[in-house]
Structures are given as structure tokens and as C-alpha cells.
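Please open the structure in your viewer and keep the selection panel at hand. The stops below can be followed in order, and each one names what to select and then says what is there.

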Amino acid sequence: GLEGRKFLMTMHGAFWEFPQDFSAGTTGGIRPLSNYLKVVGDFCEWQDMIVLGCDDTARNEFLNTRKAKGKIAAPQSQSNLWFVEKDRIDGFGPVIGRGAVWLRDEVSRGEVSDPYLIHGYDRKGLHLHHASDKVVSISIEVDPDGSGNWRSFRTLTVAPGGYRWEPVNFPGVWLRLRANTDIEGATAFFNFANADNRPDEAAPVFNGLATPEATRSLNGGIIRARGENTRSLHFASITLNGSGERIEGYYEMNGDMKLRRVDAPDTRKWLVNNAAIPAGVLVEDQASILFVDDSGNRFRLPRSGDAHNTASGPLGPQRVDREVSTERDLFNCGGTFFELPAENAGGFSKVRPVATHNRRIIDYCSYRGLLVMSGIEMTEEAHANPHIIKSDDGHAGLWVGAVDDLWQFGKPRGKGGPWMASRVQEGEISDPYLMTGYDRKSMVLTSDSETTITVQVDLDGSGHWVDYRDFSVTRGAVATHRFDDSFHAYWIRFKSSRSATVTAQLNYN
């Protein structure tokens, strides 16, 4: 329950406000509140709090195996309760919403789509695409208050075999589409989001996590929730003290959340070998960061600065991919955490940014319903942060909190693209570059000879590519473009009409 006559609903990784009087003739009042990362099985109200039962750590990875994670010895399955104050429910991840009423469907003249919720979103866009060899006409109808009294709002036409994006930032509760012509291969896909008003600066809860610039008084290493019903977490620690001296140690933490040094060199060696951070997961070049999945599919991601190479650092490589909730990974790349679904939920093509952290996070895992991260700058700031558990000997530390604290790192941002002064051939299509989940998006195109750059976007992350727009680029000129705040798509890629040396870069902030 929430205040008044309102219920709480969870669905598709989002919290929703749901009206108690919802019925067939009274469908207003459903409103998205925030997105979350936990896997929630059930929830209830208790002592003015919301208590959620979660799936946190699974011994079996099921269909969520990938080379990027490496071979990590199975932990003990474990879950916990998540206690959340009611006024925090709408303060986690910024709201997003996407889906289709038609998806490559054959639609007859006069056919009306299912209703699609538009209430509660600030920035709303509709992608229309079809395969008909004639102009098609589609009318937008709106239910203003959920009473079922539909009103015709706007009629749109789409060129033969064409694509059109239309902002739908008008008030109402539900939207539906009416086909005024027969349509072959009709797609009507919605991409909604609320403004991401998070600051760039991380919240104090993360004070003490190491920055890329730090080279001394550092501690980090491999962590793992242990198996065999030991119910503890172990930590193969590396410390660089103020003099730059490297100190190796082994620590364990149990239910009392005390981090204790243990003299067990063989166990430390076993942990290092059986939860090793794999090398070569990412390829960084001047354009952006490249990831190739287990099927050979290429994807490019932004980086938020120049000091986030995960392959090297004073404490060694940083973990790129690890499961933190059952069948849900965190992907750590270019100074940003991304949510990465399991392979049977879309895999890497459905990755999305969570927050840009700009920290040197060495490893992370779930333990007793908590997120644990290693990579601490052992300063007074770290010692004053209650989220950092200090070891009994003062040489090591771990950050402990909820996975949904990560939203407080700050809004996702970054720069990059598929091409940077890259030699491309006529008609060559670039790697896809991530676009979803970013707030303000702009683009720069250059070429060493006159060409036309076709910008294509993947509407839903399934490879549904459409031509967004053509840009004429002349030698020595810079073509810029600022995407509408309501325009969202999953991936973006580029094609040149001529062989040329081309730059295609995007700035997300």
C-alpha cells in the first residue's frame, strides 16, 4: 500500500502506482514511479516500510553464462529481504518505458491497436515503420482520463516502405492507433522516458571508492560469496600503502559484517585461480570501446573519460562482467555500470546504462542480499563512510550496500562512436553504438570527401533497424545534430555513400 487509495505494483523492473478502484471503465491512475535492479519475487507493507523478497545470488547461472565473466566458482545460493522507506520508492532509477502495439504485423484498414499507457512519462516518442509499397495513414486516438471515451488526436502519413518518428508529448492516459489503410509489416514502437535529473557527482555513500587518478593508499582484489554452506565472503586483497609497497592478504567476512584477516595462503591462491578476472574482454580504440559477445556480435559503448582502462591499473585489471542478482549482470565499462540481462532475456543487445561512476572498481558481487565492491582509497574519507567495512588490521576495506544504491552514482554520460577518422568503404555499415538510457544526445559527423552519411537506429534492441536521416557532409565541414529530448532508440549506426575517412561521434550528457 501507498498513501491514500493507491497500491504498489512491480512489473518489468519498475515500481508503479496502481489505483485501488481500477476497473474496466475506470482505468486511470496507473503511473510509473522508478526503475530498479533487484529481482523482486514478492513484497508487502510492514511498519510503514515496503519489504521486498528478492532473488539475489544463485549457485547456478542457468542461461546466464558468458565468456566475459570468466570461470567463477559457484557461490552458495542466498537471498534476503530489502527494506525500503515508502518515500524512496520513486527515487531509484529514472523511469523508462518501451514497447510496441504492432511489430512487423499485417494490419487491415480500420483495425485498432491495443491501448498503450502514456500517463506518467515526460518524454514520449512513437516510431512508425512499414513495408507497404504505398503511403499509409494512421490515426492517433487518446483516452484522456481512462474512462474509455476515445478522441481522435492526430493523423499521420508514412511514405512507401518508410519510417517516421513522431513526438507524442500530449496529456492523456492511454493511446491507441487506427489504421486508415491496409499496412504490410507495420511497426508502431514507443520509446518513453522521464528526464534524468540526477547530478553528475556521486552521492556521499560512495566516498572512499578509488578514483582512476589514485595510485597509492589503495586496496582492492577479488571477492566471492563462498560455497559449501560456509555462509561467508572471502577476499584476496592487494594493498598499495603510502610508500607504494604491495601487500597481499586474505580476509573473510560473515554475517556480523566484520572483515577479518585470516592466515590461509592456500585458500587465497584458490580464490585467485577460481574467480580470476578475465583479460581481453574489451577492446579500446580512439573511437570508443568495443565488446564482442560469445556469438561474435560487435557492440560499441561510450567512455566517460580517459582514465578508465579496465585492463590495467595499480591493482591490476578490473572486473567487467558479473552477476549481481539472479540472471542479471552488472557490466563495468568505461567508467559506467550497465545492466546486462541474461542471454534468454536479450543478452547484450538489451544492455542499458545505470550510472556513471568514474571509479576504479576492481571487483563486485552479491552477498547476503547486498552488493559488495572492492577498490578503496584508504583515506580519512573512506574511514568515515559507514558503507565501507574496514578490516581488523586496517589494511583492507570493502564497500557494502544495496545494488539499487548505484543509481546515486550519477546520470549516465559519455563520449564515443563507431568511427574516429576511420577509413570506410562505400556502403559499409558501422558497428552499432549504444544509444538507449542517455538523457541529452548530440552527434558530430566529418569526412575527408563529400559523402552522404545515413544514420540508422535500432528501435527495440532486436535488430529492427530503420533509416533515421541522411546527412550531407562536405570535405572539411562539420555536420552536427542534436537529437530531440523525446527521441530514444536502442542502438545507432552509420553508413557512408562513398569511400572516405569518416568520423561519427556522439556526446551523451
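## A pair of strands to begin with

Select strand β31 together with strand β38 (residues 500-508), which pair in the antiparallel sense over seven bridges. This is a predicted model, and the tour should be read with that in mind. Within this pairing, look for Ser-422, which stands opposite Val-502 in β38.

Now widen the selection to the open sheet of four strands, whose order is β31-β38-β33-β36 and whose pairing is antiparallel. At its edges lie β31 (414-424) and β36 (479-482), each of which pairs on one side only. From one strand to the next, the twist averages 10°.

## A covered strand

Next select strand β25 (residues 352-356), a mostly covered strand in which five of its five residues are buried.

## Around Ser-137

Move to Ser-137 in strand β10 (residues 136-143). Is Ser-137 buried or exposed? Ser-137 counts as buried, because its relative accessibility is 15% and the cut-off for buried is under 20%. Its contacts, leaving aside residues up to four places away in sequence, are Thr-155, Leu-156, Thr-157, Arg-178, Ala-179, Asn-180 and Thr-181. If you also show Val-158, 21 residues apart from Ser-137 along the chain, you will find the two C-alpha atoms separated by 6.6 Å.

## Salt bridges

A search of the whole structure finds 35 salt bridges, and the following stops visit some of them.

Start with Arg-31 and Glu-17, whose closest N and O atoms are 3.2 Å apart in their salt bridge. This pair links distant parts of the chain, with Arg-31 in strand β3 (residues 31-35) and Glu-17 in strand β2 (residues 14-19), 14 residues apart. Arg-31 is partly exposed at 31% relative accessibility, whereas Glu-17 is buried, with a relative accessible area of 12%.

Then select Arg-261 and Asp-393, which form a salt bridge with the closest N and O atoms 3.5 Å apart. Here too the pair links distant parts of the chain, since Arg-261 belongs to strand β18 (residues 259-261) and Asp-393 to the loop between β29 (388-390) and β30 (397-401), 132 residues apart. Arg-261 is partly exposed, with a relative accessible area of 40%, and Asp-393 counts as partly exposed at 27% relative accessibility.

Go on to Arg-300 and Asp-431, a salt bridge in which the closest N and O atoms are 3.0 Å apart. Arg-300 is in strand β21 (residues 298-301), while Asp-431 is in the loop between β31 and β32 (433-434), 131 residues apart. Arg-300 is buried, with a relative accessible area of 5%, and Asp-431 also counts as buried, at 15% relative accessibility.

For the last stop, switch to a surface view and select Trp-46, Leu-81 and Phe-83, which make a nonpolar surface patch of about 310 Å². Trp-46 is found in strand β4 (residues 40-46), and it is partly exposed, with a relative accessible area of 43%.

Note on methods:
Residues numbered from 1 in each chain as written. Predicted model: local features only at pLDDT ≥ 70, side-chain atom pairs only at ≥ 80, totals over all residues. Heavy atoms only, no water. Patch = residues over 30% accessible without salt bridge, like charges linked within 9 Å, V, L, I, M, F, W, Y side chains within 5 Å. Areas by Shrake-Rupley, 256 points an atom, 1.4 Å probe, with all protein chains shown as cover. Salt bridge = Lys/Arg side-chain N within 4 Å of Asp/Glu carboxyl O. Helix = DSSP H or I, 4+ residues; strand = E, 2+ residues; numbered from the N terminus. Buried < 20%, exposed > 50% of the residue type's maximum accessible area, 1.4 Å probe, protein only. Contact = heavy atoms within 4.5 Å. Pairing = 2+ DSSP bridges. Axes fitted to C-alpha atoms, helices over the stretch in contact; angles between N-to-C directions.
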